[in-house]
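Today I went looking for aromatic ring pairs. Here is my page of notes.

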Amino acid sequence: QQPILDQWQRTEISPQQLLDQLGVPDRGDRLGHALRPDLVQVALGSPRKLVRKIRAGLALTEEERASLPKFYILRPDAFDDFADRVSTSASFRRYNVNHLYRAHLAAEQTIAENIVRFMHDNPTMKLLVFLPDDVMINPLEVADYVAQKAPLQQMILDRSQALPRKRLPLL
């Protein structure tokens, strides 16, 4: 998705076209304030094609496997929490829960890995992260993964739906 952000920064596409291509037109009101050409825009997520392939249970190439984040520690109840979240979504029930969980981990851990990389490469910059508002991405889990590899001075989580407050890794 970085090429789409780059197109927008070069004013080749409008902010609305950017939101449409990113698949977040309903979040334009929240993102609009951050979509300024004078701010650095960084795509943090996994390639959609890769996440879809994992979700479908298809075999990954050696290159795709190598691109997946490594060395994150999962919470003992992570799978059960995820299964509970997706069981309430009719659109996710059609998928094999194990494949869906692996896609979920790849998505969250890729976001965390990209945040850690950005923080390492840009130690004096602040990073404002907009996460999807869906059952596949849990901001608390992303924060936990980031905290495993980098010190966080501040993380503010904002979601329109409540999350279970079992374990808050950061305040």
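What follows is what I looked up, pair by pair.

I kept in mind that this is a predicted model, where local features need pLDDT of at least 70, side-chain atom pairs count only at pLDDT 80 or more, and totals for chains, interfaces and linings use all residues. Residues are numbered from 1 along each chain as its sequence is written, and side-chain values use heavy atoms, with hydrogens and water left out.

**Ring pairs.** I paired rings of Phe, Tyr and Trp (its six-membered ring) if their centres lie within 6.5 Å; planes under 30 degrees apart are stacked, over 60 edge-to-face, and the rest tilted. That rule gave me 4 aromatic pairs.

**Tyr72 and Tyr145.** I found this pair edge-to-face, because the planes are at 65°, with the ring centres 5.3 Å apart. For accessibility I used relative accessible area: buried is under 20%, exposed over 50%, partly exposed in between (1.4 Å probe, protein chains only). Tyr72 is buried at 11%, and Tyr145 is buried at 3%.

**Phe92 and Tyr95.** These rings have centres 6.4 Å apart and planes at 45°, so I logged the pair as tilted. Phe92 is buried at 15%, whereas Tyr95 is partly exposed at 21%.

**Other notes.** Phe79, Phe82 and Tyr101 are linked into a cluster by ring pairs. I also checked for a charge over a ring (NZ of Lys or CZ of Arg within 6 Å of the ring centre and within 35 degrees of the ring normal). Lys149 lies over the face of Tyr72, 4.1 Å from the ring centre.
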